[in-house]
Each structure stands twice: as C-alpha cells, then as structure tokens.
Amino acid sequence: MLDGLFGADLRFVGNVTWLELAQHAEKVVSELEQSGERVYRLPIGCASERSCLGFALAYGELRSQMREHGRTVGTIIHASSSGGTHAGLVLGNALHGLESEIRGIVVAENVYPDFTGTYLSFARGGASLIGADVELTREHINISEAYLGEGYGKPANGIYEAIDLLATKEGLLVDPVYSGKAVAAIIDLAKKNELKGPVVFWHTGGYHALFDPRYAKRIWAEIGRLSNITL
C-alpha cells in the first residue's frame, strides 16, 4: 500500500531464489540505464562493504553503553541473511580489540555460494574504506545454519517458544521468519552452556510476519492460545 501511495514502480518476480532475485534486479538496472536513468542498485539485503560500516559504528556504541554499566560484551547473537549486520559487527569488534564473540544465526539458505567468504569480503572492504589496519580471516566469521529449520520463512525447532518467551517476559516482538530463529538459538545454546556472557541479542527487526495471517494462525496454535481467539 505504501509503495503504491508513494508511486513506486514495483516489479513482482514471484517465488524465486535470492540469486534469481538479484538477476532480475540486474535486468531492471540495465533497462533503466538504457533509458537514460542514473541507477544506484541496492544489493541483496542492502549488504555491502559500505553499508556494514553502520554496524561497525553501532558496535562501538554498544560497548560504550555497556561500559557505562561496568559490563563487557561477551557474545552478540543476531539473525543473519545477506551479511551486512554480521560483517559490520565483526569489523567493529576487530576495531575494538576483538573483545566479543559475534555469532550470526543464518535464516536464509542459498543467499551466496560462500556465506563465510562473502561476509568476510564485506568486513574487509569496510575496513579498507575507512583505512583501518585490522586483520580479518575466515575464522572471525562465526555463523551457524543449525537453526535454519526448513528454510527461509519456514518453521524451525524452538521458534514458537522463543516468540512466546520474549513477548510474555519482556514485551519484545520477534517473528518466525527472521529474528525469532536467533532467539531460539540463544535459548538452545544457553541450555547447552555454550555462551560466553554477558550475552547481547541484537534485534534487527523482522516483526512483519507476526501480522501476516499465514503465520499468525500457526503461531497462536503452536503456543496453545488458539482457543482464545477467532481467526
């Protein structure tokens, strides 16, 4: 609705892979350029060498906030797909002496042929843009596909427990497509005593699916409250 109100030219490509989506975008760019337009194409998820610098800066802000309370940042966990968040946090961590462990929970399959290599290239590229002398290797990219479940936008173990827990205990919303999978990972890793504290959940949004009827009914059913409402 908002896209329509603001006059956006929308091109719907159907149920395609992330790679196919990128290929469609390239075709649109070519079409627009041939018509005389100057085009700036946002990559998948807006993840790039330049965009990751925002999260590198944000990591520094987090450290300052924690320091004010006499705390350190042991582990940061976040949902990850296109890589801008992870690359930026990894770069920010490196700029501040590698104090923290950055753990990305992959929520989308087949975004890149090489997740680790692509994320690393973003972080290294960001460092180059600001002239930072940091050494980053593949070992600095800590990502897990263990909580992907059936795939992007599809169920995963523990996700409904995570949605329910944060809503009822903290008043925070996470969704079944994106951020909920990261919280499910935190719960599981905490049970296994595999987290170095203090632990920070970096909430990167993704609440929209909570209001989509395709997901809402299943969420209500899974957390055992469907009898209280009519859908």
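Biologist: How many Å apart are the end C-alpha atoms of helix α5 (residues 115–129), and what span should its 15 residues have?

Modeller: This is a predicted model, in which local features need pLDDT of at least 70, side-chain atom pairs count only at pLDDT 80 or more, and totals for chains, interfaces and linings use all residues. Residues are numbered from 1 along each chain as its sequence is written, and side-chain values use heavy atoms, with hydrogens and water left out. Helices (H or I, at least four residues) and strands (E, at least two) are DSSP runs, numbered from the N terminus. Because the expected span is 1.5 Å times one less than the number of residues, α5 should span 21 Å, which agrees with its end C-alpha atoms being apart by 21 Å.

Biologist: In what order do the 4 strands of the open sheet stand?

Modeller: Two strands pair if DSSP finds at least two bridges between them, and 6 bridges join β1 (residues 75–80) to β2 (residues 101–106). The edge strands, each pairing on one side only, are β3 (142–144) and β4 (199–201). The pairing is parallel, and the order is β3-β2-β1-β4.
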